[in-house]
Structures are given as C-alpha cells and as structure tokens.
Amino acid sequence: IWDVQTQKWIDIAVYLRQIKGNVVDIPILLGKTDQIPVRLVCLRLPDDIAAAKRRNAKEKAAPKVKHSEVYYELLGWNLFVTNVPQSIWSVLQISFAYRVRWRIETIFKCWKSIFNFKEFCLYTKVGAGRIHVSLHLILLQYALMFDTVYNYFHEAVRQFHLTNGKK
C-alpha cells in the first residue's frame with residue numbers, strides 16, 4: 001500500500017503501532033505499478049478478542065509454520081479495503097457489510113461442500129436449467145430452515161417476556 005500524498009510505501013504494521021485510537025480510515029493507493037485509489041479502514045479489536053485470535057493462530061498453525069511477530073500484531077486489527085467513499089458508507093457500515101459478506105461466503109462454501117456442486121455441475125450432464133432449479137430449491141430449503149429457527153427463538157423470547165411481566 002502507498003500513501004496518496006507522498007506516493008511512498010506504507011508499512012501497515014508500523015503505521016498502526018502509532019495509532020492511539022481504535023479506528024483508522026484513510027485513502028491509500030494499492031499496487032506498485034497500477035496504483036488504484038482505495039480506502040483503508042482498520043478497526044482495533046478488543047484485547048480479549050485479539051488475544052483469542054492470536055492463540056487460535058498459534059494452535060492451528062502447521063508444525064513447520066512460524067508466523068512473524070508482525071502477523072500476530074496485525075491479528076489485533078480488522079483491516080478492510082474498499083472503493084466505497086466515506087460519503088456513502090461509514091466505518092461501521094463497512095464493518096457490517098464485510099461481516100454479512102463473510103457469512104454469505106461461508107454459506108456458499110458450505111453448499112459447495114455439502115451439496116457437492118463441483119461434481120454436480122462438472123461431472124454430470126446437467127443443463128443450465130437443472131442447475132438453476134437446483135439452486136432455487138436449495139435457497140428455498142435455506143429460507144424455510146431459517147424461518148423455522150427464527151420462529152422458534154421468537155416464540156422463546158416472547159414466552160420469556162410474558163413470564164417476566166414484559167410485553
């Protein structure tokens with residue numbers, strides 16, 4: 001990443017060490033040759049969450065992998081790169097959008113694994129129409145499942161409030 005004003009390379013770890021607050025929202029340039037103007041948003045994680053991420057990274061690292069101290073240091077931040085201007089999305093909106101995007105990615109990964117889409121699409125002679133219908137059926141199944149779970153918890157919360165004298 002490069003500084004927009006000075007055109008000099010930014011060492012993100014060094015830069016973040018100097019930050020006293022919890023939020024960074026700056027314009028940067030991405031790319032050494034084709035420098036693309038984007039926005040870098042960094043949110044410092046609470047100490048307990050950052051410590052848990054570092055512990056998890058150490059526990060799950062392959063035996064031969066030795067992460068650098070900078071890697072563990074950066075686990076204390078959520079870093080987002082976007083081309084959405086500040087006038088359209090605030091820092092909190094960016095954080096929320098990325099959280100939702102990550103959930104969607106997780107759902108698609110799950111579908112890919114459970115429903116074996118690669119096999120279904122590549123190794124069977126299936127037309128685009130059948131794939132389209134299959135995707136709609138999966139989305140319908142997910143929506144019905146979500147509705148069932150939502151209704152269950154909604155009723156549980158309603159019962160809790162009725163039991164405790166709240167409407």
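**Close-up views of the predicted model**

**View 1. Lining of the largest pocket.** Helix H4 (91–114) is the main contributor to the lining of the largest pocket, giving five residues. Besides H4, S4 gives two or more residues to this lining. The lining comprises Asn 78, Phe 80, Ser 95, Tyr 98, Arg 99, Arg 101 and Trp 102; by class, three are nonpolar, two polar and two charged. The volume of the pocket is about 250 Å³. A pocket is an open set of points on a 1 Å grid, where a 1.4 Å probe fits, with protein on both sides within 12 Å along at least five of seven lines; lining residues have an atom within 4 Å of a point. This is a predicted model: local features need pLDDT of at least 70 and side-chain atom pairs pLDDT 80 or more, while totals for chains, interfaces and linings use all residues. Residues are numbered from 1 along each chain, and side-chain values use heavy atoms, without hydrogens and water.

**View 2. The open four-stranded sheet.** The strand order is S1-S2-S3-S4, with antiparallel pairing (at least two DSSP bridges between two strands; strands are DSSP E runs of at least two residues, helices H or I runs of at least four). Strands S1 (2–3) and S4 (77–82) form the edges, each pairing on one side only. Six bridges join S3 (residues 36–44) to S4, and Leu 43 stands opposite Asn 78 in S4.

View 3. Ile 10 belongs to the largest nonpolar core, of 11 residues (buried, under 20% relative accessible area with a 1.4 Å probe; joined through side-chain atoms within 4.5 Å). Beyond neighbours within four places in sequence, Ile 10 is in contact (heavy atoms within 4.5 Å) with Ile 1, Trp 2, Asp 3, Tyr 15 and Ile 28.

Key. Grid points are joined across faces, edges and corners, and a volume is the space filled by probe spheres set on the points. Ala, Val, Leu, Ile, Met, Phe, Trp, Tyr, Cys and Pro count as nonpolar, Asp, Glu, Lys and Arg as charged, and the others, Gly among them, as polar. Buried means under 20% relative accessible area, exposed over 50%, partly exposed in between (1.4 Å probe, protein chains only).
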